[in-house]
Amino acid sequence: MKVTNLDERIHVLDGASNVMSVIKDIALSGLQEEAFYVLDIGDIVQKHQIWKEKLPRVNPYYAVKCNDNLVVIEVLAALGIGFDCASKTEINKVLSVGVDPSRIIFANPAKPASHIRHAAAVGVDVMTVDNESELHKIKKLHLDAKIVIRIRCDAEVAQCQLGMKFGCDPIYEAPNLLRLSRMLGLNVVGISFHVGSGCQDPPVFYRAIRHAKSLFDLATDLGFKPYLLDLGGGYPGNKGTNIDKIADVINKALDEYFNTDAVHVIAEPGRFYVASAFTLATNIHSKRSVRGEESSPTTITHNMYYINDGVYGSFNCLLYDHQHVTPIPLKKGYGKMIPSSIWGPTCDGLDQVAENILLHEMDLGDWIIFENMGAYTLPVASPFNGFPVPKVHIVAEESIWDKSAELLKLKKLIN
């Protein structure tokens, strides 16, 4: 692929091109000095095919907070996916691409009053609740809301635990919320849970689904007609990972506890869809070689490389999402490996991307690539110290338009 117009929304790749060749073309074009992303739409489409194959009963509602890139939302909307939104801004962004409000769940258990009013005004009715005050709020502000009670069932191992903030106890608190909802005249339509982002404890889904079944039965006894089971998030999306074990547990539990078409099952995957679709390219703008050994004062003992993105930008994921990143030099190195560290561009000493790694000698102007950078990176990035948030270049293999009829409407995005 020859880079001729870096303002195109989507670059269509021929058979000889791929993400890495695009990165090389852009990096070596002389037109790019700042850090940048390459987003591979085909990776997202492939993830959707995997989801449908592994979890045929579970309808995905993409967690917008994970990565709210507009093209990502457009692609997922074209694929027919629903959306998990946490605020009125996220709701508006999803609605702006033509998504029907019925395909949105307002999955924030603690919502500002103005956001509830906005949801009511635009027709977003399905929303999660895990406490009494939220029910009273909704009673006043959105009487037509369809309530989903969110319970707590934490994975023993997860990248980000959420249970300490959200989710009511399924045995003691949830039944009380069901009874209060009945007393207030609210409509409870289902149960949800979130085991934790980046779950590494597949059996937790079985326990959560079992709790949900008990609450479905209680809701039915109280006169509700529950039909919605929300399995939340927690599905890994990095290269080399898969959802096979989680899918096996979920499918078994659904067969055991919800073996009926009367129950609509959804989930809220985020990183599963976008983590591996984004690759980040960063440029070395400064370098410091440490020569510290008394016996050999001219010998380099450590190289410090300063790149043009850091923890206040894309690499906030190191602090907030507990991610681990692997630097990949764009140019093949030679000779012995030297102890090295990689630092972001700001003046903050905390702005460190990699602490103690072995790299071949690199020079100013060289590029370092980071894969699996699509989850919880861009939405949190800031221009701290005046360093810009990286631009996203979007690519798609020509064949995906033919293989995925749902994406035909997205051809209008290509200049």
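Fourteen residues, written here as 14, line the largest cavity, and those lying nearest its centre are Asp 309, Gly 310, Gly 313, Ser 382 and Phe 387. The structure discussed here is a predicted model. Within the largest cavity lies about 70 Å³ of space, and its lining divides into seven nonpolar, five polar and two charged residues. In total, the structure holds two cavities of 30 Å³ or more.

The second largest cavity contains about 30 Å³ of space. Its lining is made up of Ala 107, Thr 128, Arg 150, Ser 192, Phe 193, His 194, Asp 230, Gly 232 and Glu 268. By class, two of these residues are nonpolar, four are polar and three are charged.

Because Phe 193 belongs to strand S9 (residues 187-193) and Phe 205 to helix H8 (residues 203-221), the pair ties together parts that are 12 residues apart in sequence. Phe 193 is buried, at a relative accessible area of 1%, and Phe 205 is buried as well, at 0%. Both belong to one aromatic cluster, together with Trp 51, Tyr 235, Phe 272 and Tyr 273.

Charged side chains meet aromatic rings too. The charged end of Lys 111 sits over the ring of Phe 106, 5.7 Å from the ring centre. Likewise, Arg 182 places its charged end over the ring of Phe 224, at 5.2 Å from the centre of that ring.

Definitions and conventions: Residues are numbered from 1 along each chain as its sequence is written. This is a predicted model: local features need pLDDT of at least 70, side-chain atom pairs count only at pLDDT 80 or more; totals for chains, interfaces and linings use all residues. Side-chain values use heavy atoms; hydrogens and water are left out. Helices (H or I, at least four residues) and strands (E, at least two) are DSSP runs, numbered from the N terminus. Buried means under 20% relative accessible area, exposed over 50%, partly exposed in between (1.4 Å probe, protein chains only). Rings of Phe, Tyr and Trp (its six-membered ring) pair if their centres lie within 6.5 Å; planes under 30 degrees apart count as stacked, over 60 as edge-to-face and the rest as tilted. A charge sits over a ring if NZ of Lys or CZ of Arg is within 6 Å of the ring centre and within 35 degrees of the ring normal. On a 1 Å grid over the protein atoms alone, a cavity is a set of points where a 1.4 Å probe fits but cannot get out, and a pocket is an open set with protein on both sides within 12 Å along at least five of seven lines; lining residues have an atom within 4 Å of a point. Grid points are joined across faces, edges and corners, and a volume is the space filled by probe spheres set on the points. Ala, Val, Leu, Ile, Met, Phe, Trp, Tyr, Cys and Pro count as nonpolar, Asp, Glu, Lys and Arg as charged, and the others, Gly among them, as polar.
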